Amino acid sequence: MASKDKGVLSGVDGIILAMAGTIICFSLYKCLQDAIIRLKIKVFRAGFDSRPAVTVRERKLSRCDSYTDSIVWIKEDHHIFFAVHGDPSFHDFFTFKEKMFMEITKTRTLVTLAMLSALGALLNLIEIPYPIAPWLMIDLAEVVVLVAFLMHGFQGGVIVSFAKFFVSLVIKGPVGPFGIGQITALIGSLTILGFYMLFDKVFRSKYLPAIIATMLCFATVMVVINYLFVTPTYLSQKFTWYTQLPYTLDINAFNEYFGMSLPSLGFLGWLGPYGEAIFIIYFPFNLLKGLVTGFFYRVLKPVIIKNFIKRA
């Protein structure tokens with residue numbers, strides 16, 4: 001029996017590790033939410049227990065910033081507290097509260113990004129073979145990149161993309177020479193992220209045209225990088241530029257090598273035999289993968305907004 005490479009987890013071990021990481025991160029997130037609520041209550045009580053209080057039903061904070069007003073009403077934890085405007089401790093209290101809120105927000109962001117990265121690693125292990133070219137796999141790992149963008153902006157999406165890249169290297173080991181499989185996936189994640197951010201602004205948050213334009217650009221970029229170095233590197237098992245291939249490739253060569261039966265398309269003749277083969281194989285695959293990703297993101301988007309963003 002062949003032994004495993006050191007430092008590389010099997011598929012089952014990787015799934016268990018990713019699931020455990022997701023559960024742990026989600027548990028930390030829920031514990032953090034509860035801790036924030038308890039801490040807010042304690043802080044508001046600490047400075048205003050000596051103030052007169054009236055029981056109310058809602059939990060709300062309101063303050064008056066006008067220098068002509070002498071009373072500030074603070075509603076928190078089912079009580080109304082009265083604070084005299086101009087009290088020196090009043091400004092210090094709110095300054096401390098704002099700093100505390102910023103620290104809590106940073107911690108919550110880190111926990112959320114860690115949870116999304118673990119989920120992305122899990123989804124990266126659940127692969128469906130592309131029927132036309134079975135060595136290509138469709139997964140939903142890019143959905144978490146778009147969710148990270150929705151929750152934490154472009155920076156959050158970039159962090160999750162790189163975290164997913166490194167976790168995949170640990171769990172699956174380098175795919176292809178120099179980990180070219182993970183490098184290609186990272187380029188794909190950043191491409192989707194960048195173009196979606198662009199087209200979301202161009203189309204003024206109209207989802208359908210934005211996601212279609214994004215995935216068309218994504219499929220095009222993936223064709224270009226496969227043409228230039230990804231496919232030559234896979235075939236040569238070392239980093240190879242397309243001009244360094246020692247043999248000529250066309251769709252018939254791919255059909256023979258991979259056992260496929262893809263037809264040649266005459267209208268793509270201007271790309272040359274090699275370019276035509278790359279386009280026929282990779283453009284439909286990446287477009288399909290992108291549209292599936294966009295569909296699942298569209299389904300999850302209102303749920304994320306309702307349960308995570310509006311409650312933050």
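**Entry 1. Terms and model.** I took a salt bridge to be a side-chain nitrogen of Lys or Arg within 4 Å of a carboxyl oxygen of Asp or Glu. The model is predicted, so I kept local features only at pLDDT of at least 70 and side-chain atom pairs only at pLDDT 80 or more, while totals for chains, interfaces and linings use all residues. Residues are numbered from 1 along each chain as its sequence is written, and side-chain values use heavy atoms, with hydrogens and water left out.

**Entry 2. Salt bridges.** I searched the whole structure and found three salt bridges.

I looked at Lys289 and Asp139, whose side chains meet in a salt bridge at 4.0 Å, N to O. Lys289 sits in helix H7 (residues 272-309) and Asp139 in the loop between strand E5 (137-138) and H3, so this pair ties together parts that are 150 residues apart in sequence. I checked burial (buried is under 20% relative accessible area, exposed over 50%, partly exposed in between; 1.4 Å probe, protein chains only). Lys289 and Asp139 are both buried.

I then took Lys172 and Glu127, which form a salt bridge with the closest N and O atoms 3.0 Å apart. Lys172 belongs to helix H3 (residues 141-172) and Glu127 to the loop between helix H2 (88-125) and strand E4 (128-129), so the pair joins parts 45 residues apart in sequence. Lys172 is partly exposed at a relative accessible area of 29%, and Glu127 is partly exposed at 33%.

I found Lys164 and Glu142 joined by a salt bridge of 3.7 Å, N to O. Lys164 and Glu142 are both buried.

**Entry 3. Helix H5.** I assigned helices (H or I, at least four residues) and strands (E, at least two) as DSSP runs, numbered from the N terminus. H5 covers residues 207-236, which is 30 residues, and spans 41 Å from its first C-alpha to its last, close to the 44 Å expected at 1.5 Å a residue. That expected span is 1.5 Å times one less than the number of residues. I noted a kink of about 60 degrees in H5, centred on Asn226; the bend is the angle between axes fitted to the seven residues ending at a residue and the seven starting there. Gln237 follows H5 and has a positive phi, near 60 degrees.

**Entry 4. Whole chain.** I counted seven helices and five strands, in the order α-β-β-β-α-β-β-α-α-α-α-α along the sequence. The protein has 312 residues, of which 39% count as buried. I looked up contacts (heavy atoms within 4.5 Å): among those between residues at least 6 apart in sequence, 60% join residues at least 24 apart.
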